[in-house]
Amino acid sequence: MQKFILALLVVFSGLTLTSAQTIPSPTDFLGYDIGTQFSRNHQVIDYFKAVEKAAPHQVKLENYGKTNERRDLYLAFVTSEANMKQLETIRENNLKNAGLLEGEATATDIAIVWLSYNVHGNEASSSEASMLTLYKLLTEQQELLKNTVVIIDPSVNPDGRDRYVNWYNRTKSEPYDVDKQASEHNEPWPAGRPNHYLFDLNRDWVWATQVETQQRLEFYNKWMPHVHVDFHEQGINEPYYFAPAAEPLHEIITDWQRDFQTQIGQNHAKYFDKEGWLFFTRERFDLLYPSYGDTYPTFMGAMGMTYEQGGHGMAGLGILNDEGHVLTLVERLTHHTTTGLSTVEMASKNAKQLNTEFSKFFNNTNLKYKSYVLKGNEDKLNSLKTLLNKHQIAFENATNTKVSGYHYATGKQGSFNVDANAVVVHSNQPKGKMVKVLFEPNTKLSDSLTYDITAWSLPYAYGLDAIASTSQVQSRIILSKKALQNLNDAYGYVSKWNSMEDAQFLAELLKQNFKVRFTEKPFTSNNTKFERGSLIITKGDNKHIKKMVSKLNTIAQEHAQPLTAINSGFSQSTPDMGSPDIKLVNKQKVAILSGEGTSSLSYGELWHFFEQQLHYPLTSINTDDFSKTNLNKYNVLILPNGYYGKVFTENNLTKLKDWVKSGGKVIAIDGALRSFAGKEGFSLNFKTPEADDQKENLTAYADREREYSNHLITGAIFNTKVDATHPMAFGYSDQYFTLKLGSSAYNILENGYNVAYLNDTKVFSGFAGQQALKALDQTLVFGEEPMGSGSFIYMVDNTLFRSFWENGKLFLVNAVFFVNNNAYEL
């Protein structure tokens, strides 16, 4: 009997050895020792395909989409042969366990671990580590796969990765140069961190503005893993960071999630201690802002974690850091491989409890607010619904009733009446904790020192009136939607103006060469009152378009844009159609500065906005070429957030002012305003804060960082006073909730128009230090300073920040098309 068992062991050992021998190592497949070169994205994917071919019973590769630059996005499912045979059953059972799929869940001890690599393209060691992690799981850690399904995304951001890798491979010295001043350690603008549209994908999980995120979320919500890790890199002088996370941790994070993070960190420490590697925990990287690769999974019930290896895009293949250590790519990928395997190990050891605690997370009966009720503009409500659908969060429509609770508009208890168009989002649904996070009026902070913004509440972001109710509000599902009527022949047609859908409609009409007017004053026609900004398309203006009514009807139907017919140019209340107060919208030629000096993120937000949201052409001009650019080819020049000291020399600033005086329009955003504040010929001025108490200089060294937070605003929401009669504010009421990202403050314009300004420094949501608040009262948010025939438009707050503040986007559109519309047409 003993001989028989021994023979079996020999046979199984031989099978394991044979399996290990048939699976190519990364080094064998790539043709170079892993870590001695940067692998292009296609090489990483080709390696995963080769492993799938070698071990089809344990590895399944699934394409989940494409990037803007047409690179494929893949997930690799890695598990035991037995689990692979019932992979779909495991997935469905996990969803049933959380109440996300109908049916009774069967007891399971299978842990689902999702490992995401290279969300930042120039943090490129992680994709290298993904290959080695895959290999080691299949050749050295088979035991862990018996009760785990490991999902590997080898490159979340292939476009950014290849931007970095291709630059580095053609730039580096041979052998590589460890001197940090060498060109191979200094990436050119915009660097490899962001995706094609220069968005930070690690901050896009909730907002899902980018195609990579949108496609990934479909699969993430199909699987809902128990553990999710995002692999990153930080500065070259930092060692390695892993869980547990720093405070503040959002209050919905459970005691189990907190405790198990610590257990995972202690397991990592065991391996790092053995090798004498440095690391740190519980500092810097908190779990508050919901749109990260660690917080989003955490708020969806998983153990969400960020792992940060020293290096980043500066490190290249090797760099001498400030401690005299040559940090190599080999070292960096080895550390990431170690924590990845350690994570799978801890999931395997605790698989049963992971499933139990995961199920408990989705019980939301104890949440304070039971329903969030939102009413307002139909287009804005539909935009909110689109976001909720991306995360498979349920919503219904209100029944006609009065709702009471916390009123977002006033910041205190209140009530309003709702009709069937109002949207109700209940917290007593499986994803109720994420509902709380996204809709909560004010996030509870356990620490004011946080890594990101502290306010994002969706009612403010979408410009909707809302009530948070402590009792469940009656609601029902309404499926029917009224179809648009075809246009009948008329003198002209009027479109409302209060949403991005209206802006997209205008952009399409202009591209189709329609002549469109807008009204600067309310008017009444056919017993219908039309507000400022309403678009007017008359037959008389568009005789050059064949079958004009039919073509307009087609565009209106494609955009689901309701139009109201008017039978005469004679209005019941003025202005009439020929009034000077009803102006043609110029088909603006819009340019934007890009390159050194501009924030790549801000530029990317604008680039993405014009191409993917507004669908209107935009010409990008590199800052290096500004002095030789013929500005007379453009009507509008947008300056993203940035530092333009080297761009706007005395000569270039004179050139810009002369162009504006002749009819041009500059839209300056956020930091771009510094280029004009306090300069001769401009009325824009910084607001100088009151002198700080001298005692602050006596603050202890250890307390300086916390004391400095008293001067910060970390993404807080304020209510602003709006001049709704100004063209930049058409479509808005007399108040607007703005997301203020920093403490920069500018005085009210003495010469010009103060379109929106802070009249009260009450914080509706988020953190703002007391010293920062002192400087904000009576300060500019949006303004226009006419200069000659043109204008400088100032946007102190960036309405396109990460593209999620939906309610601010129309201010930018208004600035482009409506403000100072007397500008010459090219």
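**Reading helix packing, sheets and a buried threonine**

Mentor: In helix 5, the residues Leu87, Arg91, Asn94 and Leu95 meet Asn221, Lys222 and Trp223 of helix 8. Please keep in mind that this model is predicted.

Trainee: At what angle do helix 5 and helix 8 pack, and how far apart are their axes?

Mentor: Helix 5 covers residues 87-97 and helix 8 covers residues 211-223; they pack at an angle of about 80°, and their axes are 8 Å apart. Angles of 65 to 115 degrees count as roughly perpendicular. Helix 5 is therefore roughly perpendicular to helix 8. When sorted by class, the residues in this contact are three nonpolar, two polar and two charged.

Trainee: Over how many bridges do strand 13 and strand 16 pair?

Mentor: Strand 13 (residues 396-398) pairs with strand 16 (residues 423-426) over two bridges, in the antiparallel sense. Within strand 16, valine 423 is the residue opposite asparagine 397.

Trainee: Which strands pair with strand 32?

Mentor: Strand 30, residues 713-722, pairs with strand 32, residues 753-758, in the antiparallel sense over two bridges. Here valine 722 has alanine 756 of strand 32 as its bridge partner. Strand 32 also pairs with strand 34 (residues 779-787), again in the antiparallel sense, over five bridges. Tyrosine 753 stands opposite glutamate 784, which lies in strand 34.

Trainee: Finally, is threonine 720 buried or exposed?

Mentor: A residue is called buried when its relative accessible area is under 20%. Threonine 720 has a relative accessibility of 3%, and therefore counts as buried. This residue is found in strand 30.

Trainee: Which backbone oxygen does the side chain of threonine 720 reach?

Mentor: The side chain reaches the backbone oxygen of tyrosine 736, at 2.8 Å. Leaving aside residues up to four places away in sequence, threonine 720 touches several others, among them Asp734, Gln735, Ala756, Leu758 and Val781.

Notes
Residues numbered from 1 in each chain as written. Predicted model: local features only at pLDDT ≥ 70, side-chain atom pairs only at ≥ 80, totals over all residues. Heavy atoms only, no water. Pairing = 2+ DSSP bridges. Helix = DSSP H or I, 4+ residues; strand = E, 2+ residues; numbered from the N terminus. Axes fitted to C-alpha atoms, helices over the stretch in contact; angles between N-to-C directions. Parallel < 35°, antiparallel > 145°, perpendicular 65-115°, else oblique. Contact = heavy atoms within 4.5 Å. Nonpolar A, V, L, I, M, F, W, Y, C, P; charged D, E, K, R; others polar. Buried < 20%, exposed > 50% of the residue type's maximum accessible area, 1.4 Å probe, protein only. Polar contact = N/O pair within 3.5 Å; in protein donor to acceptor, adjacent residues only side chain to side chain.
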